[in-house]
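Me: I have a structure here that I'd like to go through with you. Can we start with the overall layout and then look at single residues?

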Amino acid sequence: MTSFSLRQLKLRRGEEHREELGVELPAFEFGGQRYVPVPEKVPTEFVVTRANTGTVFSLAFRTRLHGPCYRCLGDAVLEVPIRVREYQATSPEDEELTTPYVEDNLLDVSAWARDAVALALPDKILCRPDCAGLCPECGKNLNDEPHVHDEEHADPRWAALESLKERL
Ligand SMILES: [Zn+2]
Ligand SMILES: [Zn+2]
């Protein structure tokens with residue numbers, strides 16, 4: 001996974017360090033399904049700015065997640081644009097002024113990027129917004145084969161009545 005060492009940075013107040021950082025993203029578990037980021041190592045715009053009382057980190061990238069559609073289980077691709085910031089106070093008095101992603105002068109960029117993507121995910125990942133899903137009756141994909149079942153014959157009470165009529 002990708003981390004960034006803050007030791008090498010010698011920034012004075014107001015200065016910034018900017019680089020294109022390739023960040024490895026792990027696969028996501030979402031709603032019991034697995035979604036794989038493509039490419040696995042995403043190019044990001046990574047900026048570190050030295051402020052008066054601390055350091056500001058910002059990260060921007062776009063990733064595409066590949067996995068099953070929530071409704072039809074067909075292939076779904078979700079484009080996720082990310083733009084996030086974190087702040088680390090130089091001498092933090094309370095925890096709110098520190099980022100959870102910095103430890104021992106190392107910024108865990110992969111963990112940060114992964115959490116940012118997880119927070120940006122929609123309720124459901126679909127192959128397309130109007131995906132018709134699977135037929136609850138026969139399980140066929142309603143996108144490929146739009147159909148409805150004849151409810152009269154599907155209803156078991158009708159079948160019982162039919163067989164009763166036959167016997168009369
Ligand atoms: Zn679908
Ligand atoms: Zn059906």
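What follows is a short exchange on the fold, the cysteines, a pocket and some backbone details.

Me: What kind of model is this, predicted or experimental?
Reply: This is a predicted model.

Me: How many helices and strands are in the protein chain?
Reply: The protein chain has nine strands and three helices.

Me: In what order do the elements run from the N terminus?
Reply: The order is β-β-β-β-β-β-β-β-β-α-α-α.

Me: What share of the residues counts as buried?
Reply: The protein chain has 168 residues, and 34% of them count as buried.

Me: Changing topic to cysteines. How many disulfides are there?
Reply: The count is zero disulfides.

Me: Is Cys 69 buried or exposed?
Reply: Cys 69 counts as buried because its relative accessibility is 0%. Cys 72 is buried too, with a relative accessible area of 8%.

Me: Now pockets. What volume does the largest pocket have?
Reply: Its volume is about 280 Å³.

Me: Which residues lie nearest its centre?
Reply: Those are Leu 6, Arg 50, Thr 55, Gln 88 and Asn 105, out of 13 residues that line the largest pocket.

Me: Which strands supply at least two residues of that lining?
Reply: Strand S5 (41-50), strand S6 (54-68) and strand S7 (75-89) each do.

Me: What does the lining look like by class?
Reply: The lining of the largest pocket has eight nonpolar, four polar and one charged residues.

Me: You listed Asn 105 by the pocket centre. Where in the chain is Asn 105?
Reply: Asn 105 sits in the loop between S8 and S9. Asn 105 is partly exposed, as its relative accessible area is 36%.

Me: What about phi of Asn 105?
Reply: Phi is near 65° there, a positive value in a residue other than glycine. Most residues other than glycine have a negative phi.

Me: Which loop holds Asp 104?
Reply: Asp 104 is in the loop between strand S8 (102-103) and strand S9 (106-108). Asp 104 is not a glycine either, yet has a positive phi of about 50°.

Me: Is Asp 104 buried or exposed?
Reply: Asp 104 counts as exposed because its relative accessibility is 62%, and the cut-off for exposed is over 50%.

Me: Back to the backbone. Which residues does the cis peptide bond join?
Reply: The cis bond joins Val 38 and Pro 39, with omega about -5°. Most peptide bonds are trans. Pro 39 is found in the loop between strand S4 (33-38) and S5.

Me: Since S4 came up, where does Tyr 35 lie?
Reply: Tyr 35 lies in strand S4. Tyr 35 is buried, with a relative accessible area of 3%.

Me: What does Tyr 35 touch?
Reply: Leaving out residues up to four places away in sequence, Tyr 35 touches Ala 27, Phe 28, Phe 30, Leu 65, His 66, Gly 67, Pro 68 and Ile 125.

Me: How far apart are Tyr 35 and Leu 65 in sequence and in space?
Reply: They are 30 residues apart in sequence and 5.7 Å apart in space, C-alpha to C-alpha.

Definitions and conventions:
Residues numbered from 1 in each chain as written. Chains lettered and ligands numbered in written order. Predicted model: local features only at pLDDT ≥ 70, side-chain atom pairs only at ≥ 80, totals over all residues. Heavy atoms only, no water. Helix = DSSP H or I, 4+ residues; strand = E, 2+ residues; numbered from the N terminus. Buried < 20%, exposed > 50% of the residue type's maximum accessible area, 1.4 Å probe, protein only. Disulfide = S-S within 2.5 Å. 1 Å grid on protein atoms, 1.4 Å probe; cavity = no way out; pocket = protein on both sides within 12 Å on 5 of 7 lines; lining within 4 Å. Points joined across faces, edges and corners; volume = space filled by probe spheres on them. Nonpolar A, V, L, I, M, F, W, Y, C, P; charged D, E, K, R; others polar. Contact = heavy atoms within 4.5 Å.
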